[in-house]
Amino acid sequence: MTGSVQADARRGGARILVIEDEPGIVRALKTNLSAHGFQVEPVDTGRAGLNAYKRRRPDLILLDLGLPDIDGKEIVRAVRSDGATPIIILSVRGAEREKVEALDLGADDYLTKPFGVDELLARIRVALRHTAAPDAGAEPVFRTGELEIDVSQRLVRVAGSEVHLSPTEYELLRAFASQPDKLITDSMLLRRVWGPEYGDEAHYLHVYVARLRKKIEPDPQAPRYIITEPGVGYRFVTNRASLA
Amino acid sequence: MNVSSLSRPWFGYLCALALTALVTGAVALIRVVAEVGNASMLYLLAVMASAVLFGRGPAILASIASFLAFNFFFVEPHYTLSVTSNDEVVSLLLLLIAGVITGQLTALLRQRAREAQSREREAVVLYDVVRLMADPERERALTAVAERIRTELELSAVVIVFGKQSPIRVQADTGDSEAIALAREAMGPAEMVLGGGQAPTASQRGQPGRWIRVVPPTARTIARLRSDRVRSVPVNLRGQPVGSIILVRKHGARKFSPANDRLLSAVAHQLGLALERLSLQREATEAEVLRRTDELRKALLNAVSHDLRTPLSSIMASAGSLRQDDVSWTEAQRGEFAEAIETEAERLNRLVGNLLDLSRIEAGSIRPEKSWYDLGSLINEVAGRLRAVTAGHKLIFDISEGLPPVLFDYVEIDQVITNLIENAVKYTPAGTEISVSARAAGDEVQVQVADRGPGILEAAIPRVLDAFFRASDSGTAKGSGLGLAVAKGLVGAHGGRIRVENREGGGARFVFTLPLHAPESEAAAQKKETA
């Protein structure tokens, strides 16, 4: 824990715009993020948030979906039409649909209130890392744990022995590996692997994820690579962000 | 013979006279052939025929006419109305009396027959109305009733309308469009009276608020309304008019007969009864909903006062301790306080989650966003998340190989399994075994959470899944009584079932099912896989 705090402090200076109207949460976020070396600018309305975004060009945005003035989704839309600044959504339980919509509009990740500090820091690290190295899937050989993807030869090995994947399973794994540790929604995966016309037919996806898990996970019942994000999508966990 | 001309009164009297003339002719003819003593009796035929065909009045006229004609033509002296023989006087009087009595009796019979006929028609129509009103689709039912009345009474149009006070707000119409328009125009003034009121005064007009403009009906409308083609029969609900049946006659058709009036008011009464049934049903449902809401509110208050306060107290105590200046806590102690805050906050969060779910279930607003998932992965994920909670127990998993993908809402079924495992942990002693299994059985998948705790009192089993019910008889119930009710509601929303039973060899078993085959989507998935 102390190690990573120091790492953050060293990297330091990342500017985070917090758009949130609940003072208690703002206070907790500010205290914690500042302690980890981030510069925090809190605003309590969507309009102020958009102004601050244009004026200050933050490195990352923490955005509450339930703002008093503007629908949080509109802010995601506005920021995405302008640039790739990572956005992490803060939402409440039960607002799954809204959350997924914001993610499909281009938000990078989400946290469900109430959330823990560790979780928040991990998400921020992953998001910042993706801005720094957006094309993780371009490496010729991708390694995490015992899993190895040789992109040039279209080979997948688990613990050194080759695993046979169908073309769809391979594409799915590539889609995961191209965005390590990042949240990927069901519809993003469907569009990427099956094409745009399959945006709403998630059953293909979950069936194939189960099959892929059987082939690459050491224990498919307790997956360590492909983690389900309930009701939203998946996350391909490599822990690279914390290693970086 | 035209039916309508038959019932015109002057025509009946004319026919009675004609019949008498006919009989007179016949008697004259007979007299030419032979002397017949009782020829006057032939006149009774004319009287009876008049009575049967035209009723009492024409029958009496026929009697008198017969009396006069016989006297005039056939009684000595001929062609005068004077009578010389006493015999003839008696015979003439007998003719008159017999004629009047026969006429009366026959006319009475005829009237009875007619009444029976119209009663029968009434009964048939009413029976049809009751039958048609049984259609649960109200508008269709009313349209059918309107059509039935229209054909029965040979009308241009029938419109049935219910206003704002009635439990149903429906309009039904049938007939030609011009006549329907006429009927709708007739409805206008009634609504204006309902929506009307005093016009605002000059000072009031400056005030905020809503004013209903009262438009007086135009002269033309009034004239059309006065046209006696349109007729309205009120429909009452508990003595209050709530709607009406509006009838438009065909051009040139006669006015409604008393029999038709009676029929219409019977139909209106029947519609009123149907409405009353409907509103009683509605009231009963509302009362039930209120009662249950009230129960829920009371239970909720109990839960809030106890279950929410307990974790809050620990949180406040821990936070307060951390802030104390006069005590120097060791690092380990501070860590303990922080951990207590975290644990209790998580407990609070789960409780609030269940409360939210329960209120959504009670409000019927659960809409599972289903997709195909691997149930085994879900169970393992829940187990992973609950590791801290289940640390004191032995968890055993038995998820059958080759369990097909199941269609469900990930978040909601996650909640169900979480609640079942938490429940098992709460009510069984540490160190005992909790087994979670999943297997396909026929066209459903069965998930089972079984423990080796004390089991459940047989008497309590039917209520265990009810909200706020705690089976524990000790005063230290650890649960909120929410988890199982939420599980039941969420499984129900998925079209599954949940049941509780005691196991052989001790312990309780909670089993829920989810339907395995949603034919279309699965067929599509299969096709895609084999492709």
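This note goes through a predicted model in numbered points, beginning with a sheet in chain A and ending with a pair of helices in chain B.

1. The sheet in chain A. Five strands of chain A form an open sheet, and reading across it gives the order β2-β1-β3-β4-β5, with parallel pairing. The edges are taken by β2 (39–43) and β5 (109–113) of chain A, each of which pairs on one side only. From one strand to the next, the twist averages 20°. As background, the strands of a sheet pair through backbone hydrogen bonds, and this pairing can be either parallel or antiparallel.

2. One pair of strands in detail. Strand β3 of chain A, residues 60–64, and strand β4 of chain A, residues 87–92, pair in the parallel sense over four bridges. For a particular example, look at A:Asp64, whose bridge partner in β4(A) is A:Leu90.

3. Helices lying across the sheet strands. Helix α4 of chain A (residues 72–80) lies across β1 (15–19), β3 and β4 of chain A, and it runs at about 160° to β3(A). Helix α5 of chain A (residues 96–104) lies across β4 and β5 of chain A, running at about 170° to β4(A).

4. A residue in another strand of chain A. A:Thr144 is found in strand β6 of chain A, which covers residues 141–144. Is A:Thr144 buried or partly exposed? It counts as partly exposed, because it has 18 C-beta neighbours inside 10 Å, whereas 20 or more would be needed for a buried residue. Leaving aside residues up to four places away in sequence, A:Thr144 touches A:Tyr225 and A:Thr238. The C-alpha atoms of A:Thr144 and A:Ala177 are separated by 9.4 Å, although these residues are 33 residues apart along the chain.

5. Chain B as a whole. Chain B has 16 helices and eleven strands, and of its 531 residues, 31% are buried. Among the contacts in chain B with a separation of 6 or more, 68% are between residues 24 or more positions apart.

6. Two packed helices in chain B. Helix α4 (residues 56–74) and helix α5 (residues 86–133) of chain B have axes that come within 8 Å and cross at roughly 165°. The two helices, α4(B) and α5(B), are therefore roughly antiparallel to each other, and their crossing is right-handed. Residues making the contact include B:Ile60, B:Phe67 and B:Phe70 of α4(B), together with B:Leu92, B:Leu96 and B:Val100 of α5(B). Sorted by class, the contact of α4(B) with α5(B) has ten nonpolar, seven polar and one charged residues.

Note on methods: Residues numbered from 1 in each chain as written. Chains lettered and ligands numbered in written order. Predicted model: local features only at pLDDT ≥ 70, side-chain atom pairs only at ≥ 80, totals over all residues. Buried ≥ 20, exposed ≤ 12 C-beta atoms within 10 Å, placed from the backbone. Contact = placed C-beta atoms within 7 Å. Pairing = 2+ DSSP bridges. Axes fitted to C-alpha atoms, helices over the stretch in contact; angles between N-to-C directions. Parallel < 35°, antiparallel > 145°, perpendicular 65-115°, else oblique. Left-handed = near helix turned anticlockwise from the far one by under 90°. Nonpolar A, V, L, I, M, F, W, Y, C, P; charged D, E, K, R; others polar.
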